Amino acid sequence: MSDEKKQPAALVLGAGIAGIQTALDIANAGFQVYLVERLPSVGGHMAQLDKTFPTLDCSACILTPKMVDVASHPNIELMTYSELLGVTEQAGMFRAKVLKKARYVDISKCTGCGDCAKVCPVVVPNEFDVEMADRHAIYVPFPQAVPNKYTIDKRGWPPCKDACPAHIDVQGYVALIGQRKFAEALALIRQTIPFPGVIGRVCNHPCETACNRGQYDQPIAICALKRFVADWEKETEPLPPVEVHRDQAVAIIGAGPAGLTAAHDLALYGYRVVVFEALPVAGGMLAAGIPAYRLPRSVLEAEIARIQALGVEIKLNTPIGREGNPSLEDLRRDFDAILITVGAHQELQLRIEGEELEGVVPGVLFLRACNLKSHGPAIGLDLTARKVAVVGGGNVAIDAARSALRLGAELVTIVYRRSRTEMPASPWEVEDAEEEGVRFQFLANPIRILGRDGQVVGLECIRMELGEPDASGRRRPIPIPGSEFVLEVDVVIPAIGQTPDLGFMGEGKLAVTRWGTLAVDADTLATNLPGVFAGGDAVSGPATAIQAIAAGKQAAESIHRFLQGEELARPPKGLPVVPYEEVDLRRARKQARAEMPKLSPDIRAADFDEVELGFTEAQAVAEAQRCLNCAFCSECRQCVIACQAHAIVHDMQDETVELEVGAIVVATGFDLFDATLEPEFGYGRYPNVITGLQFERLSSASGPTAGKIQLNGQVPKDIVFIHCVGSRHKQVDVEYCSRVCCMYTAKQAHLAHDKVPDARVTVFYMDVRAFGKGFEEFYDRVREEGIIYRRGNPSEIYKRGDKLIVRAEDTLLGQTVEVPADLVVLATGVRPRDDADRLAEMLGLERSEDGFFAELHPELRPVDTRRRGVFLAGTCQSPKDIPDAVAQAKAAAAGAIVTLSQLRRQMDEMEDGGEA
Amino acid sequence: MKVNAREFAREYTLLECIQCGRCTGGCPVSMKTALNIRGLIYQLLIEDTFSPASLDELWDCTNCLTCTIRCPKDIRPADVIIGLRGFIVGEGKGVPPRIRDALMSAFTRGNTLGFATEDRDSWTEGLPFEVKNILDEGQADLLYYVGCTPAYDPRVQPVTRALATVFYEAGIDFGTLGVDEVCCGNEIRRIGEAEGFASMVEEFREVCKEFQAGRMVTVSPHCFNAFKNEYGELPFPVQHYTQFLTELIDTGKLTFRREVRKKVTYHDPCFLGKHNQVYDEPRYILQRLPGLEFEDLDRSRERSVCCEGGGGRMWAEGTNVEVRLAHQRVRDAVDLGAEVLAVACPFCLLTLEDAVKILGLDDKIQVMDIMELVIQAL
């Protein structure tokens, strides 16, 4: 046979013992085999067993050589973590589409050393141990896995990361905090944003709104956890300056959160960055807008210092295009790219009578005066005994009101034209303000500022009611005629919204929207002028700090692409979000969210000290451990750091391959009956009621107890086995006998007796079906060992004191008995795979009444199917034990080999005919 | 009288029985009396004829339905008992006297308890509002079917009044059949009086033609079961009050203002739970009462244990009066630390309360109907 000749290949679906045997036989006959396995390792259920029946061989010992064989056989291409997507057929050949799921580990590099799993903070129940032990999000299912390569179990993006405008790896740093890896958590946050301490305080945290735990009990206190790690870092060690390794330079106008974030990212790309700031301080609204009781100046200054330490130059007091400073055109000449992040610092006017009076101070100006203690407006900073009205319902209004209180105001009233629920301000800020004594006039709108001698003496308002929803979706306020009233105040602070001050542009050619913001391409943040980008509040209008930071990141990426001459549009990012319905709640327990400690309202309203005090370490760790690990892998990237082989690829993509094959063998195995469907046995309720497969893991030397029969360290004294759970049972839709349970129970009863010789072992049975070679002899043997067989299928299990009570009728005695037990093993039956429908449709297979795949003839065509070239092997056809599964696998291989041989002959003939 | 066992076995699909013993194994009275339903089925399978008359233990069955929900072959062993009782009742000999009395009273006075027909609406006394008679007005949104024990038993009447009060407070247009209401026959059927029950069904269906109702709500799960499952199609849907209250809570028509600061557990009535799978609604209501701390018993829902009040056992003690399931039930609730053992069935209320008294646990635990807790929270 010449090697050049094209050989038809076979596709084997499922790499349990049947699939392995079929693949080896076909491969040994000289044909190519694609062996496709859904899970990360081959081995199937047999790999989970302790001993085989009836020889009591070590299951792993006789299976692993075959597992290794399929991996190393020259004719077998092993495709683990892969699934069949579809099959088409043409002229006797099949074209199979196979999905190779991203395992996020390059298996050509992975050495299986396990360094990654040691550092992975996410712990989930291990399916291989039937949830009796844990594994990490990065894992090999069991030590003898083939291939011995790690897989990252990543279910998508957690909603927290998705909701965060900057897409911080929230689940990642929360998981790390839960493990007390505070430095790693902080480093992870800083991989995305340079302001963990700031954002840990002032963020409106959309991540918490999206948090799936909110649907379970209460969301994780994500924002406060971020603050905790930022505060935990006692001394900020600035990063060493980044060497400027690209000769291009970027000018940034405005040192707010957007500009500084962009500066940070661009510096890390290796550009020279100069930031021009009009105010005498850097930080934008973080410095000039947000009061110190919410964000202490030292926190902001330290984080800005870290950005400067990267080599970023910040020129303060340098308003572009004014006061003799360079113009935008100058900057365009001197720099390779410009980013405009000037924010929105111009207060909108109320447009009512009296706005020119002494005592009217725009909110932004008022806050700037408080925060910078300079740029003083017309009022002093002493409001002692003065009465203040703040107009507006946003965070600026709240900040102004609370600051006014701290400056000694006698009475501060917020006037807002809608009701409390429509306020754009964060509800927790509103609550804090209320606690401190700020008063509210909801559904009221100012119509006139009253003055005497040029001084404010009052604010005339009108009552409003809510009408139909407007464009913003909020109900439109409508004045109620004749409801005017006057608030006696001597200071009025309008805080109804801000707009960018674009005076710097001069007669600029920059395009502007009709709302007075800069017009940009939403994807790239490019303005109409080449090389000029814009982001933050200057583009969006007043928004949150995290949105500004996200814009800064986006701008930096765009500018980098622009400077590198790349396409500006970025490839789409992200994975599908894990919805609450898909969250693994098996280990979840209700637990209330940690409360943020705060200064009491009477103390805190006196000065600008920080109100929120931050979590203690114990609080933070406990709170972080509440995380439900929605996406399993948290993308904390500890594995990336730990892997010396550089095998981790977090942005790996699923891949689809097409295979041309002449025969398909289906060996997809079985599912175990879900014992919770017979609730009378208390499975899932009593930890010491387990299934037969769980007993195998307990008994296995490589299992969670290293082969000891014990639960929570307790050795059972009374062990009860129950036959026929989920078999011969119409009410749970399983009418057939599962065929393997009688004998695996006999084997397990023997193992239980062998490992706990003084235990009383009772088997409850209906019939004992010992029909195979050596089976009856084994059944005799276990009874001779002293295992008690009682006829009668138990009806229920309940607790009495520390013991379980198995209630049954001993039908031979005709008496109802209560048998105490410390461990109950349910001999759960065998079911068709839950996705058998899908596969049957894909391959055109029929199913018999029991749901298993139908063979062509029950007696004479046991491995053929209705579809020529498609064969069945193992338990996907019907429940069977290992000897029968292997025998059928060999028969299926023979069937496939016949088909492939015929195809080869046809190919040869065609080739010969072509030559002739 | 001899039963033709061959015919009986075929009629009750007993040939499918694999003698697994789950029916008897789960039967709550099988450990205290001679009743062994699996054994009875076995005899019906192997004999040609069968004589039930001397089997006193047939009257031990409470019709809790555990045997039936455990049977892997979908046989209905509880119906086998009813079938065998039918032969005894038909014969007239061997029926326990108090059961015979209840049957007589049901047919002559319309109630199983021997009370006067004209006193059937005596429970309404003391209500601060009028209860409308649906027969007088010809229609109501809700037909309130009261039932014999809720109408007459002084211990249960407050429950009956509480439910009427909730209807009233929630603004529901409801009415009763007044003194014309007769027994639902649920227990009559379970005693084996099939023909008598059939005529009760006929009569009630005739009465239904005289009024219109949007739905029927019952106090007792026993009445609920009969009307829902054994009356054929009625012109209105039938609900147990726990189902209707759940709807009222969900639609905001029933809200609670006062706290019920108690630790409460709940005993599933067989005719609500095992017979009709109403497990969630009673728990839903309890968990919505402000201040109430709820915890389930270990044996709850489909694993619950009968109080021994059903299937005619309200009137007949059975063959072993020494051991009572209600005693264990009360002890389990006390062990759980519950201050209230809540029920949603008049029979459970009476049997469990008796058990509390006999055990002398009055200072530890109270048996209350869910309605009695609800009314406290209004």
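A salt bridge is a side-chain nitrogen of Lys or Arg within 4 Å of a carboxyl oxygen of Asp or Glu. With that in mind, the following legends describe close-up views of a predicted model.

View 1. On the side of domain 2 of chain B that touches domain 3, several helices give two or more residues each, among them H8 (148-152), H9 (157-169) and H12 (221-229) of chain B, while H13(B) gives the most, with seven residues. The domain assignment of chain B places domain 2 at residues 99-249 and domain 3 at residues 254-377. In total, 34 residues of domain 2 of chain B are in contact with 34 residues of domain 3 of chain B, and the area buried between the two domains is about 2,900 Å², of which carbon and sulfur atoms give 73%. Within domain 2 of chain B, the residues that lose the most area to domain 3 are B:Arg155, B:His222 and B:Ile249, which together make up 21% of what that side buries.

**View 2. Helix H17 of chain B, residues 370-377, is mostly covered.** Six of the eight residues of H17(B) are buried, namely B:Ile370, B:Met371, B:Glu372, B:Leu373, B:Val374 and B:Ala377. The N-terminal end of H17(B) is capped by B:Asp369, from which a side-chain oxygen lies 2.9 Å from the backbone nitrogen of B:Met371.

**View 3. Chain B and chain A come into contact through 29 residues of chain B and 29 residues of chain A.** The area buried between chain B and chain A is about 2,400 Å², and carbon and sulfur atoms give 38% of this area. In chain B, the residues that lose the most area to chain A are B:Arg22, B:Met31 and B:Arg303, together 27% of what that side buries. Seven salt bridges are counted between chain B and chain A; in the salt bridge of A:Glu809 with B:Arg38, the closest N and O atoms are 2.5 Å apart. Across this interface of chain B and chain A there are also 31 residue pairs in polar contact.

**View 4. Helix H25 of chain A, residues 775-784, has the buried residues A:Phe775, A:Phe778, A:Tyr779 and A:Val782.** Seen down the axis of H25(A), these buried residues fall within an arc of 100 degrees, so they line one face of the helix. An α-helix has 3.6 residues a turn, so residues three or four places apart point the same way. The face of H25(A) turned away from the buried side carries the exposed residues A:Glu777 and A:Glu784, whereas the buried residues of H25(A) pack against helix H24 (741-755) and strand E31 (788-791) of chain A. Just after H25(A), A:Gly786 takes a positive phi of about 105 degrees.

**View 5. A:Arg604 and A:Asp432 form a salt bridge, with the closest N and O atoms 3.9 Å apart.** This pair links distant parts of the chain, since A:Arg604 lies in helix H20 (residues 601-604) of chain A and A:Asp432 in helix H17 (residues 427-436) of chain A, 172 residues apart. A:Arg604 counts as buried at 0% relative accessibility, and A:Asp432 is likewise buried, with a relative accessible area of 3%.

**View 6. A:Arg800 and A:Glu818 meet in a salt bridge of 3.0 Å, N to O.** Because A:Arg800 lies in strand E32 (residues 796-800) and A:Glu818 in strand E34 (residues 815-821) of chain A, the pair ties together parts that are 18 residues apart in sequence. A:Arg800 is partly exposed, with a relative accessible area of 44%, and A:Glu818 is partly exposed, with a relative accessible area of 27%.

Definitions and conventions:
Residues numbered from 1 in each chain as written. Chains lettered and ligands numbered in written order. Predicted model: local features only at pLDDT ≥ 70, side-chain atom pairs only at ≥ 80, totals over all residues. Heavy atoms only, no water. Buried < 20%, exposed > 50% of the residue type's maximum accessible area, 1.4 Å probe, protein only. Helix = DSSP H or I, 4+ residues; strand = E, 2+ residues; numbered from the N terminus. Arc of directions from axis to C-beta. Contact = heavy atoms within 4.5 Å. Domains from an automatic or database assignment. Buried area = accessible area lost by both parts, 1.4 Å probe. Polar contact = N/O pair within 3.5 Å; in protein donor to acceptor, adjacent residues only side chain to side chain.
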